[in-house]
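User: I am new to this model and would like to go through its parts one by one. Please show it.

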Amino acid sequence: RRLEALAQLDRLEDYAARHGLSRLQAHALCLRVRMQQQRGEMLAVSDALCKLDELAAQRRSKQDSVSQEIMLLAERAQISVHLHRGELALASDGLRMLVQRSRESGRLRPVAALLAQLALVERARGNEAIAMPTLVEALRLGHRL
């Protein structure tokens with residue numbers, strides 16, 4: 001029932017935009033990116049990414065947690081597109097940047113997931129020597145958290 005799900009996302013995005021709920025709007029756009037990728041509708045994915053980038057650009061100068069989360073969501077959506085296209089080097093670079101930025105801001109929960117995803121990307125790239133220690137680090141951090 002993907003059409004119904006997309007209609008619900010439309011309503012959610014409209015509600016969030018109308019009430020100035022940027023974080024909710026960003027999450028809805030990320031869901032849209034994922035759903036449209038699954039359907040192979042890359043023009044719609046590009047449109048959702050543009051809207052997500054606009055939201056993130058409006059918040060770049062701010063350092064509050066909502067702004068950081070919106071920027072993280074925008075970057076993760078872009079990485080998802082790189083992975084969908086098979087652009088593993090770009091995805092790896094983006095994940096490394098997000099890991100570093102999340103660590104610097106003290107947001108460790110996303111770091112564990114990002115490290116696990118980075119390990120999978122590095123394995124797909126054939127970099128087992130990087131993939132295994134990265135996965136172990138992700139598991140240790142996740143266990144600690």
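User: Which residues touch the most other members of the largest nonpolar core?

Analyst: This is a predicted model, in which local features need pLDDT of at least 70 and side-chain atom pairs count only at pLDDT 80 or more, while totals for chains, interfaces and linings use all residues. Residues are numbered from 1 along each chain as its sequence is written, and side-chain values use heavy atoms, leaving out hydrogens and water. A nonpolar core is a set of buried (under 20% relative accessible area, 1.4 Å probe, protein chains only) Ala, Val, Leu, Ile, Met, Phe, Trp, Tyr and Cys residues joined through side-chain atoms within 4.5 Å. In the largest core, of 17 residues, the members touching the most others are A26, V33, L49, L52, I70 and A77.

User: Which element gives the most to this core?

Analyst: Helices here are DSSP runs (H or I, at least four residues), numbered from the N terminus. Two or more residues come from each of helix 2, helix 3 (42-59) and helix 4 (65-85). The most, seven residues, come from helix 4.

User: Which residues does A26 touch, not counting residues up to four places away in sequence?

Analyst: A26 is one of the buried residues of helix 2. Contact means heavy atoms within 4.5 Å. With residues up to four places away in sequence not counted, A26 touches L52, L55, I70 and L73.

User: Against which helices do the buried residues of helix 2 pack?

Analyst: The buried residues of helix 2 include L29, V33 and Q37. They pack against helix 1, helix 3 and helix 4.

User: How far apart are the end C-alpha atoms of helix 2?

Analyst: The expected span of a helix is 1.5 Å times one less than its number of residues. For the 18 residues of helix 2 that should be 26 Å. The model agrees, as the end C-alpha atoms are apart by 26 Å.

User: Is R23 buried or partly exposed?

Analyst: R23 is in helix 2 and touches V66, E69 and I70, not counting residues up to four places away in sequence. Partly exposed lies between the buried limit and the exposed one, which is over 50%. R23 has 35% relative accessibility, so it counts as partly exposed.
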